[in-house]
Amino acid sequence: MLPATFKLCAGISYRHMRNMTGLQKTAMVAIHHELNKIAGPGPSNWIRQVRRSSLLSSRIPEEAEQGYSEEEMSYMKQGENALQKAVSILSQQDGWTTEVEAANGDKVLSKVLPDVGKVFRLEVVLDQPSDRLYGELVDNMEQMGDWNPSVKQVKILQKIGRETMVTHEVSAGTPGNVVGPRDFVSVRCAKRRGSTCFLAGMSTQHPEMPQQRGVVRAENGPTCIVLKPSAEDPTKTQFTWLLSLDLKCWIPKAIINKVLSQTQVDFANHLRKRMLDSQHSSLHMAPIAC
């Protein structure tokens, strides 16, 4: 029903980015602290990689020297803010309630936060390396409508640097149109360091995509997908997806809870099938040795 992608926003504009070095350092320290909590007791390999490569350190001052406009800098900062907020939520270990637990181990948890509302957290293990999943979810983002029935369209409106983009997504309605189609304008922050990937964001505004007549514009975020190699088998990926949505219009909470949790479970299954299909296609297209 909803774009099964990490949806994104933050309406803060920073005009004097070059003079905010101290604030950026403070934000970086805060994110590292939250990442430690996500990792749980004892630093794991992926968190050590994060520390060595400064995964979430702000590169905005460096990029500012490369001629980015004030608007582009604002989008980059929004993406960083979305990532920081999402990581903070994911680092909270207590207070999660199980919404769905499938026979294959896929699980959706939820939690109510005072300043955000209800958020949903999908935890699954996928039989694919994180590099392939990253390529599908980021590099092939605009093809998502081809394999995910919940999504009608994903379009990249603007790319800023290597890690930030603004997108427009249109979702399909649920069966029986209990929840009708929605559209979203999102800023996305994709950071990839070592073997761990963070794909985060929140809703935003963009001049090329004002609100469309006849379509409800929903809001999302903070959201985040975390991809890291499974501790048991590095060829598999521990996939975590934090989802936070405001669908707008009045919809009973029981319906929202069911729709959002089921959307996450369905997304995991559609993604599994997509990866298997593309893997089989690659094998069939492989050249035959003479």
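Tutor: A residue counts as buried when its relative accessible area is under 20%, as exposed when that area is over 50%, and as partly exposed in between, for a 1.4 Å probe and protein chains only. The model discussed here is a predicted one, in which local features need pLDDT of at least 70, side-chain atom pairs count only at pLDDT 80 or more, and totals for chains, interfaces and linings use all residues. Residues are numbered from 1 along each chain as its sequence is written, and side-chain values use heavy atoms, with hydrogens and water left out.

Student: Why does Leu126 count as buried?

Tutor: The relative accessibility of Leu126 is 2%. That value falls under the limit for the term, so Leu126 counts as buried. Of the 290 residues of the protein, 51% are placed in this class.

Student: Where is the place of Leu126, and what makes a run of residues a strand?

Tutor: Leu126 belongs to strand β3. Strands are DSSP runs of E with at least two residues, helices are runs of H or I with at least four, and both are numbered from the N terminus. The protein has 7 helices and 12 strands on this basis.

Student: What is in contact with Leu126, leaving out residues up to four places away in sequence?

Tutor: Contact means heavy atoms within 4.5 Å. Leu126 meets this criterion with Leu133, Lys236, Thr237, Phe239, Ala268, Leu271 and Arg272. For the protein, 64% of contacts between residues at least 6 apart in sequence join residues at least 24 apart.

Student: Why are β3 and β11 said to pair?

Tutor: Two strands pair if DSSP finds at least two bridges between them. β3 and β11 have 7 bridges, in the antiparallel sense, and therefore they meet the definition. Thr237 of β11 is the bridge partner of Leu126.

Student: What makes a nonpolar core, and which members of the largest one touch the most others?

Tutor: The term denotes a set of buried Ala, Val, Leu, Ile, Met, Phe, Trp, Tyr and Cys residues joined through side-chain atoms within 4.5 Å. The largest such core has 36 residues, and Leu137, Leu199, Leu227, Phe239, Phe267 and Leu271 touch the most other members. Helix α7 gives the most to this core, with 7 residues. Apart from it lies another core of 15 residues, including Leu109, Val119, Ala200 and Val226.

Student: How many residues of helix α5 are buried?

Tutor: In α5 (residues 130–139), 7 of the 10 residues are buried, and the helix is mostly covered. Among them are Leu133, Tyr134, Leu137 and Val138. Two of these residues, Leu133 and Leu137, are in contact with Leu271.

Student: What makes an open space a pocket?

Tutor: Rolling a probe the size of a water molecule over the atoms shows where empty space is left. On a 1 Å grid over the protein atoms alone, a pocket is an open set of points with protein on both sides within 12 Å along at least five of seven lines, the probe being 1.4 Å, and lining residues have an atom within 4 Å of a point. The largest pocket has a volume of about 500 Å³, a volume being the space filled by probe spheres set on the points. Its lining has 24 residues, with Val116, Gly117, Lys118, Leu245 and Asp246 nearest the centre. Helix α7 supplies the largest share of the lining, 4 residues.

Student: Why is Lys248 called partly exposed, and why is Cys249 called exposed?

Tutor: Lys248 has 29% relative accessibility, so it counts as partly exposed. Cys249 has a relative accessible area of 57%, and is therefore exposed. Lys248 is in the loop between β12 and α7, and Cys249 lies in the loop between β12 and α7.

Student: What is the phi of Lys248?

Tutor: Most residues other than glycine have a negative phi, and most peptide bonds are trans. Lys248, not a glycine, has a positive phi of about 65 degrees, and Cys249 has a positive phi near 60 degrees. As for peptide bonds, a cis bond joins Gly221 and Pro222, with omega about 0 degrees.
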